Amino acid sequence: MHRGKGMKFVGDSRITDPASRPKKTPKDYSEYPGKTEAFWPDFLLKEWLVGAVFLVGYLVLTVAHPSPLERQADPTDTAYIPLPDWYFLFLYQLLKYEFASGPFNVIGSIVMPGLAFGALLLVPFLDTSKERSPWKRPLPTGFMLLAIASIIFLTWESVANHDWEAAKAQGEIKEEVAAVEFDETSEGYQIYQGSSCIGCHGNAFEGGLGKPLIGLEYTAEEIVQIAHEGQGGMPGGTFQGSEEELQKLAEFITTLQPAE
């Protein structure tokens with residue numbers, strides 16, 4: 001269009017009528033025969049059926065193999081060794097190492113797990129590649145393989161180094177021992193309360209990791225010998241007192257009889 005000499009209006013070819021633009025509509029399922037299906041009800045129905053099969057399977061396993069129960073928790077039992085569920089065993093094993101336990105417990109319980117889970121959260125921001133092949137994404141693939149290998153190794157170490165026989169014995173449900181009356185002012189009782197024996201045999205001689213001390217059919221001399229040499233799962237030489245104190249403790253134990 002010309003308006004006057006040397007004046008010309010040129011239209012921008014990028015500007016088009018919205019009505020004439022091609023519509024970008026999603027493709028219909030019919031364009032992918034045999035490769036797609038409707039979410040409702042086809043896909044969701046399959047998910048429900050699979051979920052129902054697994055649920056019935058879990059219920060059958062629960063009825064056939066009930067969860068193992070242990071004895072009632074005893075806060076006075078300092079010899080009890082707690083064990084977490086299998087999916088926390090790798091963290092449990094991590095706390096056994098010197099660099100992540102004791103005064104450095106915060107490193108094993110907070111710092112190292114925090115770094116691992118923090119790195120997992122930052123993966124989408126650290127790796128922005130659109131590649132889907134693991135071989136073309138070496139950084140996240142390497143981190144993931146390292147994490148999986150660490151979890152498998154720590155879990156295996158925890159299972160292999162745990163004393164399962166002792167754990168079974170310390171958590172075993174036992175019949176309640178009949179109540180027994182004993183003189184708490186006696187010297188033998190005072191020696192027992194200050195010894196390491198209480199950790200395994202209980203505050204009231206009822207047993208725990210060790211056997212009950214009530215109604216033992218041993219003489220004082222035999223008890224002294226057992227304390228020196230050990231018996232069964234009980235190691236010898238654990239009593240730290242003098243021979244005189246051990247003798248008095250053994251004589252006191254022979255007086256412990258269940259109440260009638």
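Mentor: Start with a definition. Buried means under 20% relative accessible area, exposed means over 50%, and partly exposed lies in between, with a 1.4 Å probe and protein chains only. This is a predicted model: local features need pLDDT of at least 70, side-chain atom pairs count only at pLDDT 80 or more, and totals for chains, interfaces and linings use all residues. Residues are numbered from 1 along each chain as its sequence is written, and side-chain values use heavy atoms, leaving out hydrogens and water.

Trainee: Why does C200 count as partly exposed?

Mentor: C200 has 28% relative accessibility. That value lies between the 20% and 50% limits, so C200 is called partly exposed.

Trainee: What makes C197 buried?

Mentor: Its relative accessible area is 17%. That is under 20%, so C197 is buried.

Trainee: Why is W86 called exposed?

Mentor: W86 has 65% relative accessibility. The cut-off is over 50%, so W86 counts as exposed. W86 sits in the loop between α1 and α2. Helices here are DSSP runs of H or I with at least four residues, strands are runs of E with at least two, and both are numbered from the N terminus.

Trainee: What is the secondary structure of the protein chain?

Mentor: Nine helices and two strands. From the N terminus on, the order is α-α-α-α-α-α-α-α-β-β-α.

Trainee: Which residues of helix α5 are buried, and how do you know that they line one face?

Mentor: The buried residues of α5 (residues 164–171) are A167, Q170 and G171. Seen down the axis of α5, they fall within an arc of 90°, so they line one face of the helix. The arc is that of the directions from the helix axis to the C-beta atoms. An α-helix has 3.6 residues a turn, so residues three or four places apart point the same way. On the other side of α5, E165 and K168 are exposed.

Trainee: Where is L49, and is L49 buried or exposed?

Mentor: L49 is in helix α1 (residues 39–64). Its relative accessible area is 53%. That is over 50%, so L49 is exposed.
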